[in-house]
Amino acid sequence: MRYCFGVDIGGTTVKMGVFHFDGTLIEKWEIETRKENHGEMILPDVADSIREKMENHNLDKEAVLGVGVGIPAPVTEAGVVQATANLGWGYKEVKHELETLVGIPVKVGNDANVAALGEMWKGGGFGHKNMVMVTLGTGVGGGIISNGHMVVGGHGAGGEIGHICVNYEETEKCGCGNRGCLEQYASATGIVRLAKKRLAENDDETVLRNEEVSAKTVFDAVKENDAVAIEIAKEFGKYLGYALANLAAAVDPEIVVIGGGVSKAGTILLDYIIESFMERVFFANKECRFELARLGNDAGIYGAAKLILE
Ligand SMILES: [Zn+2]
């Protein structure tokens, strides 16, 4: 019982890794996510790939503690999903099905929660047990770790920070159907939305008018001291910083880890979040620190392995 597998199932690829029980990643690889026929081949493909690697590394079933899996959907503690937008699955007993296929114990979690666990274990949250992770990508993902464990919740939907309402007056709809979700302001697409709105307000000179606006061009312009870009970054920081201050009042994190494509802007991004966070945070939560995520796309496989090793 000295090895485990970490599996991160995404909409286009399944990332996989085999780990020694001390946390060392021995090998990582990817396979295609075959979504046809309601994704019926996804779990069998994962099982085949695990068996193949066990043969390559001369591991029998007794040598493997288990397989941890992250999935892009709410997942209950029992490893059951109701539906996934990205994989084509309806109701699915993922834990049970994969255990039957590989004959090894399986644990399943939501991919964002699992990534948070990975960052706590080996990344930006290293050394902490109470952590909030926010992933700023096309959407806003989140994971909450409380006393070393993922907050899964009663419906497998714990940690959905992107859908906290931060603007009661919003008229446009979020992808989830609600209005005023954090995701509408703090994701890569949200930042573009804020930028376009700001650019339409008047004719103020800014480099942002020279090319297609993206989260990257906004923060590149911030680094060049562009006044309009700085206003946009402040607005972004306010939405995210206030939301995190509210969240801190509930979960009291030691550390907030910011990941996802937008976080490639670097520590300047944290400056804007921290400034607003400090304006609104409850006094007893003030010691909270902020870090950038460190594991990138590997956070999922590390967290999935940690599901087994915790
Ligand atoms: Zn939403």
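Reader: Which residues coordinate the zinc ion?
Author: This is a predicted model, where local features need pLDDT of at least 70, side-chain atom pairs count only at pLDDT 80 or more, and totals for chains, interfaces and linings use all residues. Residues are numbered from 1 along each chain as its sequence is written, and side-chain values use heavy atoms, with hydrogens and water left out. Donors are N, O and S atoms within 2.8 Å of the metal (3.2 Å for Na, K and Ca); water is not among the atoms, so sites may look incomplete. At 2.0 to 2.3 Å, the zinc ion is coordinated by H163 (ND1), C174 (SG), C176 (SG) and C181 (SG).

Reader: What is the geometry of the zinc site?
Author: Four donors count as tetrahedral if all angles lie between 85 and 135 degrees. Ideal angles for four tetrahedral donors are 109.5 degrees. Here the angles among the 4 donor atoms are 108 to 115°, and the site is tetrahedral.

Reader: Are C174 and C181 buried or exposed?
Author: Buried means under 20% relative accessible area, exposed over 50%, and partly exposed in between (1.4 Å probe, protein chains only). Both C174 and C181 are buried.

Reader: Which kind of aromatic pair do F19 and W121 form?
Author: Rings of Phe, Tyr and Trp (its six-membered ring) pair if their centres lie within 6.5 Å; planes under 30 degrees apart count as stacked, over 60 as edge-to-face and the rest as tilted. The structure holds 8 aromatic pairs. F19 and W121 have centres 6.4 Å apart and planes at 45°, and their pair is tilted.

Reader: How many residues apart in sequence are F19 and W121?
Author: Helices (H or I, at least four residues) and strands (E, at least two) are DSSP runs, numbered from the N terminus. F19 lies in strand β2 and W121 in helix α4, so the pair ties together parts whose separation in sequence is 102 residues.

Reader: Why is the pair of F19 and Y302 classed as it is?
Author: The ring centres of F19 and Y302 are 5.1 Å apart and the planes are at 70°, so the pair is edge-to-face. This pair links strand β2 to helix α10, 283 residues apart. Both F19 and Y302 are buried. The reason for the class is the plane angle, 70°.

Reader: Where does the charged end of K53 sit?
Author: A charge sits over a ring if NZ of Lys or CZ of Arg is within 6 Å of the ring centre and within 35 degrees of the ring normal. K92 lies over the face of W89, at 5.2 Å from the ring centre. The charged end of K53 is 4.6 Å from a ring centre, over the ring of W29.

Reader: Which residue of β4 is the bridge partner of F5?
Author: Two strands pair if DSSP finds at least two bridges between them. Strand β1 and β4 pair in the parallel sense over 6 bridges. In β4, 7 of the 8 residues are buried. There, the partner of F5 is V67.

Reader: What stands opposite V67 in β7?
Author: Strands β4 and β7 run parallel, joined by 5 bridges. In β7, the residue opposite V67 is V106.

Key:
Four donors count as tetrahedral if all angles lie between 85 and 135 degrees; four count as square planar and six as octahedral if opposite donors are over 155 degrees apart and all others between 65 and 115; anything else is irregular.
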